[in-house]
Amino acid sequence: MKIKSIMCKILDIPLKSFFQTSYGRFSSRQVLLVKVHTSDDQGIAECPVLGPFYSPETTQTAQHIIQDHISNAIIGRKINNIEDYVKIVSFIRGHRFAKSGVELALWDLLAKQEGLPLYQLLGGVRCKIPSQISIGVKDNLDHLLQAIKQSLEEGYRQIKIKIQPGWDKKILENVRKEYPDISLMVDANAAYSLDNIQFFKELDRYNLSMIEQPLHYNDLYNHAKLQEQIETPICLDESIHSLDDAITAIKLGSCKIINIKVFRVGGLYETKKIQRFCVKNNIDVWCGGMIETGLGKAFNLAAASLPGFTLPNDITPSKTYFTDEIIEPPIKMSKDGYITLSDRNGIGYAINNEFIHKYQIK
Ligand code: OSB
Ligand code: MG
């Protein structure tokens, strides 16, 4: 198919309530909407860049890379498969969120052309996706316990809580006192160093299914040192940008589990490469989230249908973080914590144009 044009819009969408990690607190979500047009169709995706505290990109750099570099490279060219696109944009170093925005819109276009739901074109093997909720740092313990109670009632299959120095040991002790048997994990978002080794050793007693990204994003070596000394499996998030990172981390022993975020690794093509390597090496993976809108979550759902995605994913119904729905129908979760993939062609959801109109800022 011949690419005719690419269009970007910036949306700024209020969150239902604030979300806090060790990076800080945010109350609204900026995402870049990306539309790729051929002469007779369009594909749509989003680029949920968070900001330079999570990865080097921002919404504005992603827009710049798409409009001034990716567009120049692909407009007017024939792209018959995703590999063509990946090769063409391989001259751009980094900027994986930007590359993923266009790649995902192309996946949507290709799946529609083939008359298939995206997850089937991708090679997905399941259509019921297990869900976990990521609960941010709260103002106090009561608020956290309340959020956990509500999430368990809603049916989530696992609870993930954000930790940071000062909001860790005491919190976990109390959560475990209240809920000794629930499936529980923690995410440190790189807030600790090996100086905290005593704390990490004590974590072993809380029976956590994993600890996500305890140390600096650039530090596979010390993650390997840490994993040697604790039982709790380490799961890497921020450290993994590519198949090469995944290979290095696994060979070094830096983790036992990988959180693959479709956007962080540059799209579904790289996601599949990492997933295949992990399956071969018996490493469990799951799909992470970036507080995407329902549109971004829909691409994550397709990823989570692939072999090897054996653990609960940070994929939640649209209403979990937002009041309004960008997609129709909304993403819904069953009472036992599963989301069923759409059987419609392409990404499988329609876009609510009123939503875009309401929240577009550029
Ligand atoms: O580290 O997984 C993370 C949200 C924003 C940035 C980083 C992370 C998160 C989450 C939320 O934990 C995941 C979600 O979208 O459900
Ligand atoms: Mg994380």
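## Close-up views of a predicted model

A search of the whole structure turns up two cavities of 30 Å³ or more. This is a predicted model, in which local features need pLDDT of at least 70, side-chain atom pairs count only at pLDDT 80 or more, and totals for chains, interfaces and linings use all residues. Residues are numbered from 1 along each chain as its sequence is written, chains are lettered from A and ligands numbered from 1 in the order in which they are written, and side-chain values use heavy atoms, with hydrogens and water left out.

**View 1. The largest cavity, about 210 Å³ in volume.** A cavity is a set of points, on a 1 Å grid over the protein atoms alone, where a 1.4 Å probe fits but cannot get out; lining residues have an atom within 4 Å of a point. Grid points are joined across faces, edges and corners, and a volume is the space filled by probe spheres set on the points. The lining of the largest cavity has 23 residues. Nearest its centre lie Phe-19, Lys-162, Gly-289, Met-290 and Ile-291. β1, β5 and β6 (158-162) are the elements that give two or more residues to this lining. Helices (H or I, at least four residues) and strands (E, at least two) are DSSP runs, numbered from the N terminus. By class, the lining of the largest cavity has nine nonpolar, six polar and eight charged residues. Here Ala, Val, Leu, Ile, Met, Phe, Trp, Tyr, Cys and Pro count as nonpolar, Asp, Glu, Lys and Arg as charged, and the others, Gly among them, as polar.

**View 2. The second largest cavity, about 70 Å³ of space.** Its lining has 13 residues, with Tyr-119, Ala-298, Leu-341, Ser-342 and Ile-347 nearest the centre. Both α4 (118-122) and α11 (294-303) supply at least two lining residues. The largest share, three residues, comes from α11. Nine residues of this lining are nonpolar, three polar and one charged.

**View 3. The largest pocket, about 460 Å³ of space.** A pocket is an open set of grid points with protein on both sides within 12 Å along at least five of seven lines. The largest pocket is lined by 20 residues; Ser-17, Ile-133, Lys-138, Gln-150 and Thr-320 are the closest to its centre. Two or more lining residues come from each of β1 (5-21), β5 (132-135) and α5 (141-154). The lining holds eight nonpolar, seven polar and five charged residues.

**View 4. The second largest pocket, about 270 Å³ in volume.** Of its 16 lining residues, Val-86, Arg-96, Lys-99, Val-265 and Glu-270 lie nearest the centre. Helices α2 (82-88), α3 (96-114) and α10 (268-280) each give at least two residues to the lining. Six lining residues are nonpolar, four polar and six charged.

**View 5. The magnesium ion (ligand 2) and its protein donors.** Asp-187 (OD), Glu-212 (OE) and Asp-237 (OD) lie 2.1 to 2.3 Å from the ion. Donors are N, O and S atoms within 2.8 Å of the metal (3.2 Å for Na, K and Ca); water is not among the atoms, so sites may look incomplete. The donor residues follow the sequence spacing D-x24-E-x24-D. Asp-187 in strand β7 (residues 184-187) and Asp-237 in the loop between β9 (234-236) and α9 link distant parts of the chain, 50 residues apart.

**View 6. Helix α8 (residues 220-229) packed with helix α9 (residues 243-252).** The two helices meet at an angle of about 35 degrees, with their axes 9 Å apart. Axes are lines fitted to C-alpha atoms, for helices over the stretch in contact, and angles run from 0 to 180 degrees between N-to-C directions. Leu-220, Tyr-221 and Ala-224 of α8 make the contact with Asp-245, Thr-248, Ala-249 and Leu-252 of α9. Contact means heavy atoms within 4.5 Å. The contact has five nonpolar, one polar and one charged residues.

**View 7. Backbone at Pro-329 and Asn-207.** The peptide bond from Glu-328 to Pro-329 is cis, with omega near -10 degrees. Pro-329 sits in the loop between β12 (327-328) and β13 (338-340). Asn-207, a residue other than glycine, has a positive phi, near 50 degrees. Asn-207 is placed in the loop between α7 (197-203) and β8 (211-212).

**View 8. Glu-325 in the loop between α11 and β12.** Glu-325 and Thr-293 are 32 residues apart in sequence and 8.0 Å apart in space, C-alpha to C-alpha. Not counting residues up to four places away in sequence, Glu-325 touches Ser-318, Lys-319, Pro-330, Asn-352 and Phe-355.
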